[in-house]
Amino acid sequence: MTEDEVVAGLRSGMTIGIGGWGSRRKPMSLVRAILRSDLRDLTVVSYGGPDVGLLCAAGRIKRLVYGFVSLDSVPLEPHFQAARQSGAIEVTEYDEGMLQWALYAASLRLPFLPTRAGLGSDVVRVNPQLRTVVSPYDDGEELLAVPALPLDAALIHLNRADVTGNAQFLGPDPYFDDLFATAATQVYASCERIVPTAELAAVGGFGSLRIHRWMVDGVVEAPRGAHFTSCAPDYARDEAFQRAYVRAAKDAGTWREFVATYLGGSEADYQRAVAAGRPRPDSPAEQAFAATYLGGSAADHRAVPASAGTAAEAEPA
Amino acid sequence: MSSPTRAEVCVVACAEAWRGDGEIVASPMGTIPTIGARLARATFEPDLLLSDGEALYVAGTWPVGEPAPGPVEGWVPYRAVFDLAWGGKRHVMMGPGQIDRYGNSNISAIGDFARPTRQLLGVRGAPGNTVNHPTSYWVPRHRDRTFVPRVDMVSGVGYDSAAKAGPAASRFLELRRVVTNLAVLDFGTPDHAMRLVSVHPGVTVAEVAANTGFQLAIDGDVSETRLPTAAELRLIREVIDPHGARYGEVPQAHE
């Protein structure tokens, strides 16, 4: 499938889960396809990063369900901050473990799962729909009952997949992609590369085969589809691009320019515009990440050619 | 060796938070807590487990901001972190945007939650962490905007909030200490109100009180925070933080 075909199967008002974590292995090409569509009034569920930021900036989110929204190396997401501070979105803010429990309960077709997380915090105050449950056993503990959070659709990005929807993470963390998938009615997985099934186990080890074809309704081959978030070991986060994104968000004029440069056309147009940007020296954080998870420097793994460009100006690390 | 800087006193005060913890996971947030946790493991708390900040437990002692050379001890993806936290074998040190008298902390949003004046990260794992395992805090700039009478959005649970929520919230709640650029504080009072334990060398009790937006418990003579030993100073300066990242949080100009 293509990204646009995936989005054609989604409807305004849906509850959509987005995999990954912060600014890591986000299905960004699918998010960009939503930006090209007329989908709106979405309830978005995410361990949030720039996926949430871009959808906030484009006014597509009615309600956000999250434990945090962060760009990792840049702690605060500017568009999410703006949306919250202007009251533009409704929110369900959970402890991040509560969010896992909500997805897990939906996956298991249970009405709720109990936990201590959230008790005593203002998560309970700002989410008055939450209820507690008393243990039926001798301890009698009163715990928070996190309600199941079924998703109409889930969007995830993996390193490899076969055409039938078996998909594989090759980086350090599966995040919660499998829970997003099993909590959802429709599941779309983008991947860096579609490979023959036999190649999956040969490359990664059995533990990396976390997403199974019964979970997945459609596969999209999306090289650099997670850009500008990280997708180890295929590529590190594009820190320079992320900094440019944050700078652009500070002002309506520069943001319009950013949108015109990067988000005005197709996914191929986006990747071309990014490639036209000039590469900059890696930050120490990128180097550290690359040395540990990519087996070399981040620059070695960057598909961006060393051609001159003006898309994102340099900034000291 | 030159005399210890304020940042180095803070590193040791953070390291001391994990003293006696044994074979659990130390989860420091922020530069000085990270240096402190590695220092604690390299000296008096050798059984601690430390993550590389991504998804691996790694042994050894290595510089902040640089990749961990390993060896890798284990795999700890995020879902394993939640399992670990809820199971209690962890002691986290978090950095609050606000903290109050009974140890409620806020990393979510400043102002009215419905429409904050400043949106921060969200509550993250703070609610679950605090009610499940020991928690400490690191505040690089002790001021009354951070030490407030009541936080705007309780993210990390304090003693009064847990008591109101019932036994399930209080059962494993344990707020160990608050380390700041000025002092060390804890909740060792009968009603768990925040108490001044020690002031760093060169800091007065009055200075701490003036920068705290609520009444601190102060019983008897407040001691002075201990200085790093020569061996600790060498580890900080030569091994764990050779490039002085600690001064990004507590500048030398502060001395």
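Arg234(B) and Glu238(B) are separated by about one helical turn, because they stand four residues apart in helix H8 (residues 230-240) of chain B; helices here are DSSP runs of H or I with at least four residues, strands are runs of E with at least two, and both are numbered from the N terminus. Their side chains meet in a salt bridge, 3.7 Å from N to O, a term that requires a side-chain nitrogen of Lys or Arg within 4 Å of a carboxyl oxygen of Asp or Glu. Arg234(B) is partly exposed at 39% relative accessible area, whereas Glu238(B) is exposed at 52%; buried means under 20%, exposed over 50%, and partly exposed in between, with a 1.4 Å probe and protein chains only.

This is a predicted model, in which local features need pLDDT of at least 70 and side-chain atom pairs count only at pLDDT 80 or more, while totals for chains, interfaces and linings use all residues. Residues are numbered from 1 along each chain as its sequence is written, chains are lettered from A and ligands numbered from 1 in the order in which they are written, and side-chain values use heavy atoms, leaving out hydrogens and water.

Over all chains the count comes to 33 salt bridges. In one of them Asp177(A) joins Arg25(A), with the closest N and O atoms 2.7 Å apart, and this pair links distant parts of the chain, 152 residues apart: Asp177(A) belongs to helix H7 (residues 177-182) of chain A, and Arg25(A) to the loop between strand E1 (15-18) and helix H2 (28-36) of chain A. Asp177(A) is buried at 1% relative accessibility, and Arg25(A) is buried at 3%. Glu239(A) and Arg237(A) form another salt bridge, at 3.1 Å from N to O, and these two residues also belong to a network of salt bridges with Arg24(A), Asp72(A) and Glu54(B).

We turn now to the aromatic rings. A pair of aromatic rings is described by the distance of the centres and the angle of the planes. Rings of Phe, Tyr and Trp (its six-membered ring) pair if their centres lie within 6.5 Å, and planes under 30 degrees apart count as stacked, over 60 as edge-to-face and the rest as tilted. By this rule there are 26 aromatic pairs over all chains. Among them is the edge-to-face pair of Trp101(A) and Trp86(B), with 5.1 Å centre to centre and 85° between the planes, which crosses between chains from helix H5 of chain A to helix H3 (residues 78-87) of chain B. Trp101(A) is buried at 17% relative accessibility, whereas Trp86(B) is partly exposed at 22%.

A charge can also be placed over a ring, which here requires NZ of Lys or CZ of Arg within 6 Å of the ring centre and within 35 degrees of the ring normal. Arg84(A) lies over the face of Phe113(B), 4.5 Å from the ring centre, and the charged end of Arg124(B) sits over the ring of Phe68(A), 4.1 Å from its centre.

What order do the strands of the open sheet in chain B have? The three strands run E2-E3-E4 with antiparallel pairing, and two strands pair if DSSP finds at least two bridges between them. The edge strands are E2 (50-51) and E4 (72-75) of chain B, each of which pairs on one side only. Strand E3 (residues 56-58) of chain B pairs with E4(B) over three bridges, and Tyr57(B) stands opposite Gly74(B) in E4(B).
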